[in-house]
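Subject: Structure for your review

Dear colleague,

I am handing over the structure we spoke about, together with some notes on what was found in it. Please have the sequence and the coordinates open while you read.

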Amino acid sequence: MARKTHDVLSVDWIRLELLRTAYSTRGGLFSRLDPRIVLAWYLVMAIAPWLTHDTGVLLVLFALGVVSVVLARVGPLVLGLFLIGLLGNVIGLFAASFLFGGNLDTLVALAELNLKLGAVSMASMAAFVSLDPEKLSDALLWFRAPELLAFGVSYGYRMLPILVDEYVTVFEGQRLRHAPVERPGLLGWRVVRQWCVLAVTAFYPIMLNTAKNVRTTVEALETRGFTYGASNPAGRSLRLAYLRVSATDLAVLAATVVLVVAAFPLGGLLG
Amino acid sequence: MTTQNPPRPAEDERRGALRGAVDGVRSVQLSTSQKLMIFVLSMSLFGLSNIILEIIPDPSIGPVDVSVSYMVFVPLTIAALFSPFWAALGAPLGEIVFTDLLMGDFSGLAEVEGYLQMFLAVFIAGSLIRNPRSRPQIVLGAIILVLVDKVLSAIVDLAKVWIGVEDAEFVEGLPESMLALEVLGLGVDVVMSGILLGAIPALWLIPALHGKIEPLMGMRPRTPGEPIPGQAPASGVFVGFALLLAVASFGFAFLEAFDISAGSFEPDFIDRFGDWFIVVAIIAIAVVLGVAILLFRAAQRSRETADRS
């Protein structure tokens, strides 16, 4: 049993999962939509929960978030991290206020905040898992976001799996060249310390490698006129010319708006 | 530690302020592509370190989280070796792009607040390091980085509870526990993030990389005493800009806490503050940000004219 969990939770699996997330290869409803519509959809879903304090309305919005996560086919890694974070938050805050003399009411008060945060996070998972880097950065450019932000997004999504891969290689290499600790000590603290030292020292070659990669990338970009092209209106319109809004896009957006608006009276009935 | 540090020079060689071309080819002023390189390097490395921390589980003793919130030595190294301004612009973006967007942890307006806090923290700490080989400066930089970031966010958190926008006073025992937790958390953060994963690795890494990583990016290593490359001018105008950014970050945090509720679903809220409160908050943020941008432009222009003369 222990062996099996170890296999599932390997670093390689995490890297593959990140790749699938970054390139949205799972398919799903939102990956077929126009990226600008997905961002608009995200804004609707992310702002709506902040407009209310009613637990009933928040429950409906939370359910909408669950539906969109299912439609977007969010992967197990992202979903698992989200659930751990949400549950950890609830339990931690509850324990804290219990220590200082709170009671079950505390949990109810905290439930509202966590429902709100959960609904917003699920909207962002569904939206950003479904957008591949190129589309997302084009949509950001269309909304007149700073060019550095648009570039950072597309570069980050592309480079992340490569960087993680490289880091794992360096880390494993360092580990192979080190003797294991002679005695693990109390609770294996020497093992933990060695891992921490290795994790930090692995940054030395990683920083040098990344510096080289970054120089290559940036010089290639600048040769093609990145800095000047991005701020040039003709270049911008050429780059964004392929974006089209179809009937499906509008239908999804309209349905979402209707559902979110309907959530308010519906939640009032529930609560 | 397999990598050996080059021997420290017996005495810091001070060359004074350099201007323009250094050895006929390379210049102290950063070129456009070098600025972009520093920005991208800082973004990807800080993002990578955040991903690694994301995979490691967060241990907590009782209600106090004893995890490491970020690897301080990564942005500190880049700020100390290259340019604090461009490193500070890139690092928080790396956190947002790599962990928050990809992991579905994106929290809207609070991200703006986090970005501004981290930007200020890295920029201030990086500017403190004038000599990348000075140990006291590195330790000071690491601790200041954590302190600026964490104190700013602790003040925001506490103020939210005191003003009562988070409805926490209805919950028995929550405000007191918040105060105690913030103070405890600050101490833990300084020890864990600032010293264990900040000062100690940076003390080894910054001198080890100094003089090795710069040629890979086509730059000349920094020498102590010369002005910080790509530096925003430390004039009064720029300090004003930084202060206004700090105020704006509070504004964003509060706007989020006020829930932009526009009043219709929260009659109690209206009774206490009135509709105007939200409008005032939004206008205040707009004015503060506008003034900040104007000041920044003015600072840039004055620097450009100073360079030309």
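Predicted model: local features only at pLDDT ≥ 70, side-chain atom pairs only at ≥ 80, totals over all residues.

Chain B has 10 helices and two strands, and along its sequence the pattern reads α-β-β-α-α-α-α-α-α-α-α-α. Buried residues account for 33% of the 271 residues in chain A, and for 42% of the 309 residues in chain B. If one takes the contacts between residues at least 6 apart in sequence, 82% of those in chain A join residues at least 24 apart, while the corresponding figure in chain B is 79%.

**A helix pair in chain A**

Two packed helices are described by the angle between their axes and the distance between the axes. In chain A, helix α8 (residues 147-177) and helix α10 (residues 203-223) pack at an angle of about 145°, and their axes are 9 Å apart. The crossing of α8(A) and α10(A) is right-handed. On the side of α8(A) the contact is made by E166(A), Y167(A) and V170(A), and on the side of α10(A) by P205(A), I206(A) and N209(A). Sorted by class, the residues in this contact of α8(A) with α10(A) are four nonpolar, one polar and one charged.

Helix α8 of chain A also holds G152(A), which counts as buried because it has 25 C-beta neighbours inside 10 Å, where 20 or more are needed. Which residues does G152(A) touch, if those up to four places away in sequence are not counted? They are M43(B), L93(B) and V97(B). For a pair within chain A, G152(A) and V257(A) are 105 residues apart in sequence and 30 Å apart in space, C-alpha to C-alpha.

Helix α4 of chain A (residues 55-72) has 18 residues, which at 1.5 Å a residue should span 26 Å, and its end C-alpha atoms are 25 Å apart, which agrees. The buried residues in α4(A) include V57(A), L58(A), L61(A), F62(A), S68(A), V69(A) and A72(A). For helix α9 of chain A (residues 189-201), the 13 residues should span 18 Å at 1.5 Å a residue, and the end C-alpha atoms are 18 Å apart, again in agreement. In α9(A), the residues A199(A), V200(A) and T201(A) are buried.

After α4(A) comes R73(A), which lies in the loop between α4 and α5 (76-99) of chain A. Most residues other than glycine have a negative phi. R73(A), although it is not a glycine, has a positive phi of about 55°. Is R73(A) buried or partly exposed? With 18 C-beta neighbours inside 10 Å, R73(A) counts as partly exposed, because a buried residue needs 20 or more.

**The nonpolar core**

In soluble globular proteins, nonpolar side chains tend to be buried together. The largest nonpolar core here has 112 residues, of which A126(A) and V122(B) touch the most other members. Leaving aside residues up to four places away in sequence, A126(A) touches F30(A), S68(A), V69(A), A72(A) and V74(A); among these, S68(A), V69(A) and A72(A) are buried residues of α4(A).

P84(B) has its place in helix α3 (residues 84-101) of chain B, and P84(B) is buried, with 27 other C-beta atoms within 10 Å.

I124(B), by contrast, is partly exposed, with 19 other C-beta atoms within 10 Å, and this residue lies in helix α4 (residues 109-128) of chain B. Not counting residues up to four places away in sequence, I124(B) touches I144(B) and V148(B). I124(B) and L181(B) are 57 residues apart in sequence and 26 Å apart in space, C-alpha to C-alpha.

With best regards

Notes: Residues numbered from 1 in each chain as written. Chains lettered and ligands numbered in written order. Axes fitted to C-alpha atoms, helices over the stretch in contact; angles between N-to-C directions. Helix = DSSP H or I, 4+ residues; strand = E, 2+ residues; numbered from the N terminus. Left-handed = near helix turned anticlockwise from the far one by under 90°. Contact = placed C-beta atoms within 7 Å. Nonpolar A, V, L, I, M, F, W, Y, C, P; charged D, E, K, R; others polar. Core = buried A, V, L, I, M, F, W, Y, C linked by C-beta atoms within 7 Å. Buried ≥ 20, exposed ≤ 12 C-beta atoms within 10 Å, placed from the backbone. Expected span 1.5 Å × (residues − 1).
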